[in-house]
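Hi,

Here is the structure I promised to pass along. Have a look at it first, and then read on for what turned up.

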Amino acid sequence: MAPAGTGGIFVILVIFVFSSCESLFSGGDSYKRELTVKLYPNSTPSGGELLHVRAVGGNDTLHFLFCSQGAPTLLLVHTNSNSSTVEVNWPEFLARNTSGSLKVEPQSSILYSTAIVFSQLLEYNDENNTAEEKSNFFPAYELKDFIWTRMNLSDSTATLCGSPTRSGNGSLCLQLSVFGSEGRADLWPRLLHSANSSQLEVWLNGLPPRSNMSRFVLELQAVGGAYPLSTVNVHQFIDDEYTPSIFQMSQWVSSPNNGSDVLGFAQWKPVAYRTPHATLEDATPCRNSDPQQQSGNSTSASSALIKAFYSDPAAMGLNVSFGIAGEPYYNSTMFLSWTMLVGVGSPPVDSFSPMVIGILTAGLGIPILLLLGGGVYVLIAKKRESSGTGYEPIN
């Protein structure tokens with residue numbers, strides 16, 4: 001048996017280690033940015049607006065530009081200056097017939113840029129319940145033709161909703177959130193964000209399906225200069241405490257010459273939710289196609305922001321499909337939501353929370369310490385016996 005105080009001492013030690021881990025992890029990534037948000041509500045016609053979030057670090061700046069003129073687009077520009085600015089030539093920007101009407105100055109400070117264009121919403125009739133989107137497609141919803149509302153701005157979060165011109169019912173909404181430090185959202189999938197990333201949540205709410213067995217596919221296009229997002233990597237992990245039942249992370253990355261250095265990324269977990277307040281029962285898997293090269297000119301024509309910033313855009317596209325064989329159809333709840341991160345540098349990496357670390361430490365450490373304490377106790381007892389007077393003499 002181990003000494004009586006061993007277990008208690010170890011419990012105290014575990015509590016101390018757990019508290020230290022908690023304070024360490026709660027600080028997370030200590031890098032912070034100062035955010036400045038500006039919305040140009042009167043600079044564009046009712047068909048679109050331009051939001052600019054300037055995130056200033058110690059010696060660099062991230063410019064997040066979110067535009068609803070044409071297909072909704074998020075442009076992210078990283079500069080090596082904390083005084084870089086965005087300049088817009090509004091007559092040329094609104095005309096959408098020339099590049100260069102939106103610039104980041106000084107242009108020599110630009111390190112990297114990437115843009116995500118939400119180009120199409122596709123719907124197909126999955127009458128055989130196979131979730132193979134190869135046929136039975138209805139005419140695509142071109143998001144550049146949606147009627148977009150004005151952005152609802154709250155701190156560093158902007159919400160944009162739109163409806164197709166041929167149907168006034170239902171909406172597709174995008175919510176952009178930009179962060180000054182590391183953290184997680186309160187709602188699933190609770191992606192880990194940093195000061196170098198933004199979050200885009202997309203949801204489809206009440207759009208009338210064109211069949212009783214409809215499923216949806218979202219088409220995304222990534223635009224960049226020399227190195228657009230080109231490869232999707234899937235990472236496996238063993239912890240699902242933040243997104244129950246999901247053990248994968250998909251990362252669409254920009255890597256020069258397919259090297260290990262990552263310039264920018266789009267990151268998501270392969271899960272969507274069928275209700276606004278997500279629960280495990282409402283989760284539905286999603287899949288993505290392999291990225292394919294797209295026409296930069298076509299993408300530029302669909303988005304005012306791409307046309308304004310890039311003179312010779314390179315574009316890659318992929319589809320994100322929602323639901324798999326056997327899963328409920330869209331009309332079961334008339335709702336779908338999906339979340340992604342867009343940022344610069346390497347994507348954030350999930351790790352065990354302080355609570356899990358404390359549980360693992362206690363679960364593995366206490367038995368080991370009890371065994372060691374018991375062994376020490378036995379050795380001490382034997383040593384005491386061997387150091388005694390030995391056998392008593394026989395009379």
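N288 stands opposite V320 in β23. Strands here are DSSP runs marked E of at least two residues, numbered from the N terminus, and residues are numbered from 1 along each chain as its sequence is written, with side-chain values using heavy atoms and leaving out hydrogens and water. Please keep in mind that this is a predicted model: local features need pLDDT of at least 70, side-chain atom pairs count only at pLDDT 80 or more, and totals for chains, interfaces and linings use all residues.

Strand β21 (residues 283–288) runs antiparallel to β23, with three bridges joining them; two strands count as paired if DSSP finds at least two bridges between them. V320 is also the bridge partner of L218. Strand β16 (residues 214–224) is joined to β23 by eight bridges, again antiparallel. Strand β22 (residues 292–294) is antiparallel to β23 as well, through three bridges, and there Q292 has G317 as its partner in β23.

How enclosed is β23 (residues 314–322)? Seven of its nine residues are buried, so the strand is largely enclosed by the rest of the structure. Buried means under 20% relative accessible area, exposed over 50% and partly exposed in between, with a 1.4 Å probe and protein chains only.

**The nonpolar cores**

The largest nonpolar core has 48 residues, and F66, F118, L220, W252, W338 and M340 have the most contacts inside it. Such a core is a set of buried Ala, Val, Leu, Ile, Met, Phe, Trp, Tyr and Cys residues joined through side-chain atoms within 4.5 Å. Strand β24 (residues 335–344) gives the most to this core, with five residues. A second, separate core of 22 residues includes V86, A115, F309 and Y310.

**The cysteines**

The structure holds one disulfide, that is, a pair of cysteine sulfur atoms within 2.5 Å. C161 is joined to C173, with 2.0 Å from S to S, and the link is right-handed, at 110° about the S-S bond. C161 lies in strand β11 (residues 157–163) and C173 in strand β12 (residues 171–178), so the pair ties together parts that are twelve residues apart in sequence. C173 counts as buried at 2% relative accessibility. C67 is buried at 0%, and C286 is buried at 6%.

Best wishes

Terms used. Helices (H or I, at least four residues) and strands (E, at least two) are DSSP runs, numbered from the N terminus.
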